[in-house]
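Me: I would like to learn how to read the features of a structure that is new to me. Could you take me through it slowly, with the general idea before each case?

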Amino acid sequence: LTKPGNSVAISSGGLLATSGKNSVRVWRTSDWAETLSLTDYSAPIAFSSDGRLLAANSRGGIRVVDNSTGRLIAEIPDSIPPFAFNPGGKVIAVDTREGILLWDLKAPKALRLLNDSKGVFNHSGFWMRDRNALVFSSDGRSVVAARNTLKNESVYVLDVWAAATGEKTTSIPAQPN
């Protein structure tokens, strides 16, 4: 499992979220009023691009809540950070023991595992779990994972998958065969 740390996120709608070992709190930045407090959630955290959804780590997996009500939208079983929303906020990518999983937040159900993504973050150690090491491209067509290739935390490879098919499209820099 991951070692919980601290995390902060800001939404496009003027909300600020913070998290620690066992809670997440959300404030409205216009007047600094607390709008949501959740227990049994931990770092890291992230807002969807429209600011309606908030994802956080938990013991059971990554949870996604509606940040205006705190209502649980999805709990992705056996998932761990890192995670990332697609630009439309309808899909979240999470790490699992089987690889990087795309989860449909509307259904809610698993869409697909990204091919050859098992263990992408395992070589990087626990310190990668609190980092933004997973992201969708701005058009939502690609999923990109940054993985450390050496123990000194300085050499990275970016693996890229097609979100629609789960097929790995490239690694940057290209890896020799």
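Reply: Let us begin with the naming of elements: helices (H or I, at least four residues) and strands (E, at least two) are DSSP runs, numbered from the N terminus. Gly61, to take one case, has its place in strand E7. This is a predicted model, in which local features need pLDDT of at least 70 and side-chain atom pairs count only at pLDDT 80 or more, while totals for chains, interfaces and linings use all residues. Residues are numbered from 1 along each chain as its sequence is written, and side-chain values use heavy atoms, with hydrogens and water left out.

Me: Is Gly61 buried or exposed, and how far apart in space are Gly61 and Pro77?

Reply: Buried means under 20% relative accessible area, exposed means over 50%, and partly exposed lies in between (1.4 Å probe, protein chains only). Gly61 has a relative accessible area of 2%, and therefore counts as buried. Its C-alpha atom is 5.0 Å from that of Pro77, although 16 residues separate Gly61 and Pro77 in sequence. Thr69 and Leu36 are 33 residues apart in sequence, while their C-alpha atoms are 7.7 Å apart in space.

Me: How should I read a sheet, and what is the order of the strands in the sheet that holds E1?

Reply: Strands of a sheet pair through backbone hydrogen bonds, either parallel or antiparallel. Here two strands pair if DSSP finds at least two bridges between them. The sheet that holds E1 is an open one of 4 strands, in the order E1-E2-E3-E4, and its pairing is antiparallel. E1 and strand E4 (33-39) are the edge strands, each pairing on one side only. Neighbouring strands of this sheet are turned by 15 degrees against each other on average, direction ignored; for such values, axes are lines fitted to C-alpha atoms, for helices over the stretch in contact, and angles run from 0 to 180 degrees between N-to-C directions.

Me: Which residues stand opposite Val8 and Val24?

Reply: E1 pairs with strand E2 (residues 15-19) in the antiparallel sense over 4 bridges, and Val8 stands opposite Thr18 in E2. Strand E3 (residues 23-28) is joined to E4 by 6 bridges, the two running antiparallel, and Val24 stands opposite Leu38 in E4. The hairpin of E3 and E4 has 4 residues between the strands, and in this hairpin Trp32 takes a positive phi near 60 degrees.

Me: How many salt bridges are found in the whole structure?

Reply: A salt bridge is a side-chain nitrogen of Lys or Arg within 4 Å of a carboxyl oxygen of Asp or Glu. A search of the whole structure finds 5 of them. Among them is the pair of Glu75 and Arg63, whose side chains meet at 3.5 Å, N to O. This pair links distant parts of the chain, with Glu75 in strand E8 (residues 72-77) and Arg63 in strand E7 (residues 61-66), 12 residues apart. Glu75 is partly exposed, at a relative accessible area of 31%, whereas Arg63 is buried, at 18%. Another is the salt bridge of Arg25 and Glu34 (2.6 Å, N to O), where Arg25 is partly exposed at 35% relative accessibility and Glu34 is partly exposed at 37%.

Me: Which residues lie nearest the centre of the second largest pocket?

Reply: Rolling a probe the size of a water molecule over the atoms shows where empty space is left. On a 1 Å grid over the protein atoms alone, a cavity is a set of points where a 1.4 Å probe fits but cannot get out, and a pocket is an open set with protein on both sides within 12 Å along at least five of seven lines; lining residues have an atom within 4 Å of a point. The second largest pocket is lined by 25 residues, and Ile45, Ala46, Phe47, Phe83 and Asn132 lie nearest its centre. The elements giving two or more residues to this lining are strand E1 (7-10), strand E5 (42-47), strand E9 (79-85) and strand E13 (134-136).
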